[in-house]
Structure formats: C-alpha cells, structure tokens
Amino acid sequence: MSQKKPEKLVDENNIRLDGRKLNDIRPVKIEVGVLSNADGSAYIEQGKNRILAGVYGPREIHPRHQALPDRAALRCRYHMAPFSVQERKSPAPSRREQEISKVMREALLPSVFTEYYPRTAIDLFVEVLQADGGTRCAGIIVASLALADAGIPMLELVSACAAGNADGRLILDLTDGEDKNGEADMPLAYMSNSNAVTLLQMDGMVTQEEFEQMVNMAIEGCKQLNQIQKEVLKTKYLNAKEADTEKEEEAKEEAA
Ligand code: ADP
C-alpha cells in the first residue's frame with residue numbers, strides 16, 4: 001500500500017502535518033528494565049515508533065575467534081519486525097538492517113569502557129516493533145539506556161536525533177512521511193558532556209549553510225533527549241532505592 005505524497009509537509013505558519021513546530025521533537029516515553037531475562041533493557045515510544053533494546057553481557061564470547069585480547073567485543077543487531085511497517089517486511093536480514101547495525105555499534109562504542117572486560121562479548125539487540133522514521137536514532141537512545149541498565153561502565157549516555165529539510169524549511173526529528181517526501185534527512189548521534197558527534201549520515205542535497213544549521217538543530221534535539229534519558233534512569237534508581245528502604249524497614253519491624 002503506497003501512501004500519496006501530501007501537498008505540503010509544512011504550512012504557511014511553519015506547522016508540520018502532525019502539529020509540531022519546525023524544531024520540536026516528537027513526544028517520547030521511555031522505560032528502563034523491561035525485560036527480566038536480559039542483563040539490561042529499555043523501551044521507547046517516540047511518536048509512532050516502538051522500539052525495544054536488550055543487552056546481554058559482558059559474557060563468554062562465541063565463536064571464540066571473535067574474542068579481543070584487550071577489550072570486550074560490542075556486537076549489535078538492529079532488526080525490524082515483519083509487522084513494523086505497513087507493507088509486511090521480509091523477515092530475512094536486509095542490507096539496510098546490516099548497515100544500521102554497523103552504524104549503531106559505531107555510534108555507541110565511544111561511550112562504553114570495553115577495555116574493562118577483555119575477551120568477552122557485550123551483545124546488543126534492537127527490535128523495531130513499529131517504525132515511523134528515525135528508528136536508528138531512537139534505537140541508539142534505547143540501546144544506550146539498556147547498556148547503562150546492564151551496569152556496563154560508560155562515559156555517558158549517547159543520544160540521537162535527525163534534522164532534515166522539507167518544503168525548503170529545516171525540521172527536527174523527521175517522521176517517515178517527512179523523510180520520504182522531504183528533501184534531506186540527517187541522523188546524528190551525540191554525547192552531550194563530551195560534545196562529541198558519534199554518528200552523522202545524510203540523505204539528500206542541502207547547501208553548506210543549511211548543513212551547518214541542521215547539525216546544530218540535531219545537536220539541540222540530542223541535548224533534549226539526553227535530559228529525558230537521564231531523568232528516566234534517575235527515576236528508575238530512585239524507585240529501586242525507595243523499594244529497598246521499604247523492604248529493610250519491613251524486615252526491621254518483623255525482627256522487632
Ligand atoms: P531510519 O528509520 O533510521 O530513519 P531509514 O531512513 O532507512 O532509517 O528509514 C526511514 C523509515 O522508512 C523507517 O523508519 C520506516 O518507517 C520506513 N521503512 C524502512 N524500511 C522499510 C521497509 N522495508 N518497508 C517499509 N517501510 C520501511
């Protein structure tokens with residue numbers, strides 16, 4: 001089922017089809033620690049995107065020849081469920097999924113202290129349950145949280161957000177429709193404290209000035225998402241601490 005190209009992606013008041021302003025990110029809801037069988041996990045709802053990440057490790061590596069003598073091997077698999085898009089996606093691994101697995105791994109690697117766990121594997125699985133543009137960015141956001149949830153030492157969380165160009169206007173955090181019908185899409189991953197870009201890709205044609213503005217816009221989006229990521233982690237550990245204190249108090253009362 002192919003969708004018709006909308007006449008306009010941005011109206012005369014600079015409002016987009018989903019009601020957002022040019023530099024608004026989509027509404028985001030994130031949960032951490034959602035899978036009890038994984039060492040770390042996270043789930044994100046971002047607009048219509050629904051993405052789950054699970055981390056296993058550091059653990060024994062198989063096949064053994066992949067072991068690195070001085071660090072852990074970070075292995076990443078990005079996968080889209082057949083029902084994640086309107087037309088059924090073939091369950092066979094596609095070149096796009098291989099490419100995204102590779103760039104996600106490279107975007108996250110600078111944040112992980114792999115040297116703490118030589119000869120082991122840290123396996124990261126990103127499952128897209130529903131896709132609506134920007135899934136590699138949303139995947140990086142949950143993957144970074146899942147790594148933190150697994151207790152893997154990290155420099156900081158990695159955030160990601162795309163900027164683009166539609167109807168001659170620069171826009172932030174593109175939906176699938178804006179990506180397909182717009183003029184340019186530029187996903188970017190970013191470490192806020194280090195001020196380091198760990199992924200930058202671009203589809204389409206823009207001027208150098210637009211490119212620079214898009215980089216700055218995407219970084220601003222990443223900073224907003226980084227705040228949300230940090231709050232989600234803090235809330236989870238504060239709740240866990242409160243639950244522990246309650247348990248301790250109950251145990252004390254029972255003992256008295
Ligand atoms: P990203 O999801 O990181 O933006 P792309 O730019 O390659 O990656 O894809 C944009 C969007 O296109 C995806 O988020 C998804 O909504 C849609 N899409 C990707 N692959 C397929 C597919 N095989 N069938 C239908 N839609 C797809």
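**View 1. Strands β1 and β2 sit side by side, joined by 5 bridges.** Strand β2 covers residues 40–46, and the two strands run antiparallel. Look for V32, which stands opposite A42 in β2. Here strands are DSSP runs of E with at least two residues, helices are runs of H or I with at least four, and both are numbered from the N terminus. Two strands pair if DSSP finds at least two bridges between them. A word on what you are viewing: this is a predicted model, in which local features need pLDDT of at least 70, side-chain atom pairs count only at pLDDT 80 or more, and totals for chains, interfaces and linings use all residues. Residues are numbered from 1 along each chain as its sequence is written.

**View 2. The open sheet has 5 strands.** Their order is β1-β2-β3-β5-β4, with mixed pairing. At the edges you will find β1 (28–32) and β4 (73–80), each pairing on one side only. From one strand to the next, the twist averages 15 degrees.

**View 3. Helices α1 and α2 pack together.** Helix α1 spans residues 95–108 and helix α2 residues 135–149; their axes are 10 Å apart, at an angle of about 50 degrees. Axes are lines fitted to C-alpha atoms, for helices over the stretch in contact, and angles run from 0 to 180 degrees between N-to-C directions. The two helices are therefore oblique to each other; angles under 35 degrees count as roughly parallel, over 145 as roughly antiparallel, 65 to 115 as roughly perpendicular and the rest as oblique. In α1, I100, V103, M104, A107 and L108 meet R136, G139, I140, A143, S144 and L147 of α2. Contact here puts the C-beta atoms of two residues, placed from the backbone, within 7 Å.

**View 4. Helix α2 also meets helix α4 (residues 208–255).** Their axes come within 11 Å and cross at roughly 30 degrees, which makes α2 roughly parallel to α4. I141, L145 and A148 of α2 touch L225, Q229, V232 and L233 of α4.

**View 5. The ligand is surrounded by 13 residues.** The closest are V85, A131, T135, R136 and D176; a residue counts as near if its C-beta atom, placed from the backbone, lies within 6 Å. Both α2 and α3 (176–181) supply at least two residues each to this shell. By class, the shell has 3 nonpolar, 3 polar and 7 charged residues (Ala, Val, Leu, Ile, Met, Phe, Trp, Tyr, Cys and Pro count as nonpolar, Asp, Glu, Lys and Arg as charged, and the others, Gly among them, as polar).
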